[in-house]
Amino acid sequence: MAAVQGNCIQLYYGDASDDTNPTSFGALTAVTGITSCNFSVTNATFEATSIVDSSCNTRREFAVGTTSGSMSIEGIIDNSLGGDEIFAKCEAKTKLDLVWGDGTHGVAGIGFCTNFEISAGMDDFVTFSASFELSGTPSSIGFD
């Protein structure tokens, strides 16, 4: 597996084209200027025990339930880089196709922006951070 440098990764987004399939997308827009991204997938589990022999010895087991995902990004706000468009989508509560990848491979999900923050220090770049909650099961994809 070849290593991909973090500065080669972009966030791609578009209005959700399908409520359930994060591998089938309409037109996607790239947001460049991303300085950090975190993509997290969680499987809900519950514990169960089972009897494994006639002496009533038990074994601890886990069952896997719902898969959920979240994504958080940070970047530089610049009209030409697209970060300000994420704010507009967050404000409008738009359901989005989200892909984080290098243009060849990526991880994808369908979700909503749940938090958007803009900040700037004195004589520094204006930066943003955004968080997304994903519905459905996130997936690994290849770009066409």
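Here are some notes on this predicted model, point by point.

1. **Ground rules.** Residue numbers start from 1 along each chain as its sequence is written. Because this is a predicted model, local features need pLDDT of at least 70 and side-chain atom pairs count only at pLDDT 80 or more, while totals for chains, interfaces and linings use all residues, and side-chain values use heavy atoms, with hydrogens and water left out.

2. **How confident is the predictor?** The score to look at is pLDDT, the predictor's confidence in each residue, from 0 to 100. The protein chain averages 78, and 82% of the residues score at least 70. A handy caution: where pLDDT is low, the predicted coordinates should not be read in detail.

3. **The layout.** You'll find one helix and seven strands in the protein chain. Both kinds of element are DSSP runs numbered from the N terminus: helices are H or I with at least four residues, and strands are E with at least two. Going along the sequence, the pattern reads β-β-β-β-α-β-β-β. Contact means heavy atoms within 4.5 Å. Of the contacts with a separation of 6 or more, 65% are between residues 24 or more positions apart.

4. **Strand 5 and its partners.** Which strands pair with strand 5 (residues 96-101)? Strand 1 (residues 10-15) pairs with strand 5 in the antiparallel sense over six bridges, and strand 6 also runs antiparallel to strand 5, joined by six bridges.

5. **What is covered.** Buried means under 20% relative accessible area, exposed means over 50%, and partly exposed is in between (1.4 Å probe, protein chains only). Across the 144 residues of the protein chain, 28% are buried. Strand 5 is mostly covered, with five of its six residues buried. Take G101, which lies in strand 5: G101 counts as buried because its relative accessible area is 2%. Leaving aside neighbours within four places in sequence, G101 is in contact with C8, I9, Q10, Y12 and G106. G101 and C8 are 93 residues apart in sequence, yet their C-alpha atoms are 8.2 Å apart in space.

6. **The nonpolar core.** A nonpolar core is a set of buried Ala, Val, Leu, Ile, Met, Phe, Trp, Tyr and Cys residues joined through side-chain atoms within 4.5 Å. The largest one has 18 residues, and those with the most contacts inside it are L11, M71, I73, I86, L98 and F132. Strand 1, strand 3 (34-51), strand 4 (58-76), helix 1, strand 5, strand 6 and strand 7 (126-142) each give two or more residues to this core. Strand 7 gives the most, with four residues. Have a look around F132: residues it touches include M71, I73, I86, L98 and F112, not counting residues up to four places away in sequence.

7. **One salt bridge.** A salt bridge here is a side-chain nitrogen of Lys or Arg within 4 Å of a carboxyl oxygen of Asp or Glu. By this rule the count comes to one. D15 pairs with K89, and the closest N and O atoms are 2.8 Å apart. The pair links distant parts of the chain, with D15 in strand 1 and K89 in helix 1, 74 residues apart. T94, in the loop between helix 1 and strand 5, touches D15, K89, G111 and F112, not counting residues up to four places away in sequence. T94 is buried, at 18%.

8. Most residues other than glycine have a negative phi, and most peptide bonds are trans. K93 is not a glycine, but has a positive phi of about 60 degrees. K93 is in the loop between helix 1 and strand 5, and counts as exposed at 67% relative accessibility. D123, in the loop between strand 6 and strand 7, has a positive phi near 55 degrees. D123 counts as exposed at 79%.

Note on methods:
Two strands pair if DSSP finds at least two bridges between them.
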